[in-house]
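My entries follow the order in which I checked them.

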Amino acid sequence: QVQIVQSGGGLVQPGGSLRLSCVVSGSILGFPAMGWYRQGPGKQRELVGTISGGDSSVYADSVKGRFAITRDSSKRTVYLQMNNLKPEDTAIYYCTHLATGTWGQGTQVTVSS
């Protein structure tokens, strides 16, 4: 069984930065492919980006060049670094273990002046 615990998030002004963390525990082999999703107010959940077992990452066009997904395998932690944040990035952000579909609890990110 896989468990995911998220941390980070909060309120930031436009142009600011935040880093979200996602710790993975449980019965997993190696370090698996992980994804970050978000759900804004009144919107459907959408993909932010993914990182593969080989550390290659892909991003949604809306965040490309501003967001970066990295990980520390020794800590079983995946990070979402968010730079140059915009009000439209306001959402609840979710980390997910792609193979099992396990989700973290979600973290609120609010971008506002």
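The entries below cover salt bridges, then aromatic rings, then a charge over rings.

**Entry: ground rules.** I am reading a predicted model, where local features need pLDDT of at least 70, side-chain atom pairs count only at pLDDT 80 or more, and totals for chains, interfaces and linings use all residues. Residues are numbered from 1 along each chain as its sequence is written, and side-chain values use heavy atoms, with hydrogens and water left out.

**Entry: salt bridges.** Side chains of opposite charge can pair when their charged atoms come close. I counted a salt bridge where a side-chain nitrogen of Lys or Arg is within 4 Å of a carboxyl oxygen of Asp or Glu. How many salt bridges does this rule give? The count comes to five.

I looked up Glu 46 first. Its side chain forms a salt bridge with Arg 38, at 2.7 Å from N to O. I then checked accessibility (buried is under 20% relative accessible area, exposed over 50%, partly exposed in between, with a 1.4 Å probe and protein chains only). Glu 46 is partly exposed at 35%. Arg 38 is buried at 6%.

Next I took Asp 55. A salt bridge joins its side chain to that of Arg 71, with 2.8 Å from N to O. Where do the two partners lie? Asp 55 is in the loop between β5 (46-51) and β6 (57-59), and Arg 71 is in strand β7 (residues 67-72), so the pair ties together parts 16 residues apart in sequence. Strands here are DSSP runs (E, at least two residues), numbered from the N terminus. Asp 55 is partly exposed, at 48%. Arg 71 is buried, at 14%.

Then I turned to Asp 89. Its side chain meets Arg 66 in a salt bridge of 2.7 Å, N to O. This pair links distant parts of the chain, 23 residues apart: Asp 89 is in the loop between β8 (77-82) and β9 (91-97), and Arg 66 is in the loop between β6 and β7. Buried or exposed? I found Asp 89 buried at 1%. Arg 66 is buried too, at 10%.

I also traced a network: salt bridges link Arg 38, Glu 46, Arg 66 and Asp 89.

**Entry: aromatic rings.** I paired rings of Phe, Tyr and Trp (its six-membered ring) if their centres lie within 6.5 Å; planes under 30 degrees apart count as stacked, over 60 as edge-to-face and the rest as tilted. The structure holds two aromatic pairs. Tyr 37 and Trp 103 are edge-to-face, with 5.2 Å centre to centre and 65° between the planes. They sit 66 residues apart, with Tyr 37 in strand β4 (residues 34-39) and Trp 103 in strand β10 (residues 102-103). Tyr 37 is partly exposed at 22%. Trp 103 is partly exposed at 35%.

Tyr 94 and Trp 103 are edge-to-face as well, at 6.2 Å centre to centre and 85° between the planes. I found Tyr 94 buried at 12%. Tyr 37, Tyr 94 and Trp 103 make up one aromatic cluster.

**Entry: a charge over rings.** I counted a charge over a ring if NZ of Lys or CZ of Arg is within 6 Å of the ring centre and within 35 degrees of the ring normal. The charged end of Arg 45 sits over the ring of Tyr 94, 3.8 Å from its centre. That charged end of Arg 45 also sits over the ring of Trp 103, 4.5 Å from the centre.

Technical notes: Helices (H or I, at least four residues) and strands (E, at least two) are DSSP runs, numbered from the N terminus.
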